[in-house]
Each structure stands twice: as structure tokens, then as C-alpha cells.
Amino acid sequence: MESTISSSSSRSVSPSSSSSPNSSSPPSVTVVVSPCAACKILRRRCADKCVLAPYFPPNDPIKFTTAHRVFGASNIIKFLQELPEFQRADAVSSMVYEANARLRDPVYGCAGSICQLQKQVSDLQAQLAKAQAEVVNMQCQQANLMALICMEMGQSPQAISPPQQSLDNFTNNISMSFLDDNINNFGSVWETLWT
């Protein structure tokens, strides 16, 4: 299956002895071309300008096997021929990724993985919101406790139990100042992000 071609290609290169040291053109090289993984698997001769050769090297046959099982060789070739060359490598990577996802999950493929990741993100956001609410609640409780201690230390023994209304006003003031501070902090964070 291997053939020897004289060219200046970049596949498995061994220098030729016929190059002259004084010539300004690049030396001609003898290239031993091993068929690409696609041509090996399809059992066909790998042409000099094989559209699959740059993207399915002979040392990685699993890459083509996976894409071939899902998309088929003719569809892969047709798709690559319709694209400009600078987009073909990304297209092959996408096809191989989608093919792997389809083999794992034949019904949903990549969409199933994306849904699962989005669910994880929303679950983590809910956990974060719950934890932040608990932190605010604990800070409010701490402020209430500090207010009670301050009032007990400043009051005479006859007036140890403060009126409920003044305690509520005090805790509301502390809660509002805490929230205002946090809102101002968030505002400065957003301003730095947008500037």
C-alpha cells in the first residue's frame, strides 16, 4: 500500500541525495507516503491530494473510525470539500466530538451533554443563593445579639427588657445599612467590569 513520491510535501520526509548544495530552490525530497487513517480503513489508495489525509493521520485511526461510524465517509468528504481550507481542521474536530457524543448518547448527542452541564450550573447557582441568604441571616442574628448586649449593658436593672419596637427599629437599621454597604460594593464591582 505504500508508494514513493518525489515532492516537497511535509509528510514522512527523508532527504534525497540528489540535491545540490548551491541551488537556491528547496531541495527535492523523497517522501514515503503512508496512507492516511481514512484510506487505510476504507482500504483504498491514498491519493496525492487526499482531502482526508491532513486531518486523519495514519497514527490516529480511532479518530476517523469514530467519525465514519456516525457520519459516513462520503458525507465527511463532501462536507470538507464544501469548506474553505482554514475551517476544515475545526470542522473535523467538531465532527469527531459530536460522533463521540453520539456514540455515548445516541438520542441527544452533544445536546444531552449541554443540557446536563446547564442543569449543574443552575443547581450550583441555587446552592450559592441559598448560602448567601444564610450568611445574611446569620449576620442579622449577630447584629440582633449585639444590640441586645449593648442595651442590657446600658440599661438599669429595672429596664432590662427593652421595648420590642425600639429593638425592631435597631435591627432594621443595621440590616438596611448592611444591605446598602453590599449594594454599594456590588456597584463598584460592576463599574470596574464595565470600564
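This is a predicted model: local features need pLDDT of at least 70, side-chain atom pairs count only at pLDDT 80 or more; totals for chains, interfaces and linings use all residues.
Residues are numbered from 1 along each chain as its sequence is written, and side-chain values use heavy atoms, with hydrogens and water left out. Helices are DSSP runs of H or I with at least four residues, numbered from the N terminus.

**Packing of the helices**

- Two packed helices are described by the angle between their axes and the distance between the axes; the axes are lines fitted to C-alpha atoms over the stretch in contact, and the angles run from 0 to 180 degrees between N-to-C directions.
- Helix α2 (residues 61–71) packs with helix α4 (residues 85–104) at an angle of about 70 degrees, their axes lying 8 Å apart, and the two are therefore roughly perpendicular, a term that covers 65 to 115 degrees.
- Helix α3 (residues 73–82) packs with α4 at an angle of about 150 degrees, with axes 10 Å apart, and this pair is therefore roughly antiparallel, the term for angles over 145 degrees.
- The axes of α2 and α3 come within 7 Å and cross at roughly 100 degrees, which makes α2 roughly perpendicular to α3.

**Residues in contact**

- Between α2 and α3, contact (heavy atoms within 4.5 Å) is made by Phe64, Ala67, His68 and Phe71 of α2 and by Ala73, Asn75 and Ile76 of α3.
- Where α2 meets α4, the residues on the α2 side include Lys63, Thr66 and Phe71, and those on the α4 side include Val92, Met95 and Leu103.
- Where α3 meets α4, Ile76, Phe79, Leu80 and Gln81 of α3 meet Arg88, Ala91, Val92 and Met95 of α4.

**Salt bridges**

- The structure holds 2 salt bridges, each being a side-chain nitrogen of Lys or Arg within 4 Å of a carboxyl oxygen of Asp or Glu.
- Glu98 forms a salt bridge with Arg102, with the closest N and O atoms 2.9 Å apart, and because these residues are 4 apart in helix α4, about one helical turn separates them.

**A nonpolar surface patch**

- Leu145, Met146, Ile149 and Met153 make a nonpolar surface patch of about 430 Å², and Leu145 lies in helix α5 (residues 110–154).
- Such a patch is made of residues with over 30% relative accessible area and no salt bridge, with nonpolar side chains (Val, Leu, Ile, Met, Phe, Trp, Tyr) joined within 5 Å; accessible areas come from the Shrake-Rupley method with a 1.4 Å probe, and for residues only the protein chains shown count as cover.

Terms used: Patches are made of residues with over 30% relative accessible area and no salt bridge: like charges are joined within 9 Å, nonpolar side chains (Val, Leu, Ile, Met, Phe, Trp, Tyr) within 5 Å. Angles under 35 degrees count as roughly parallel, over 145 as roughly antiparallel, 65 to 115 as roughly perpendicular and the rest as oblique.
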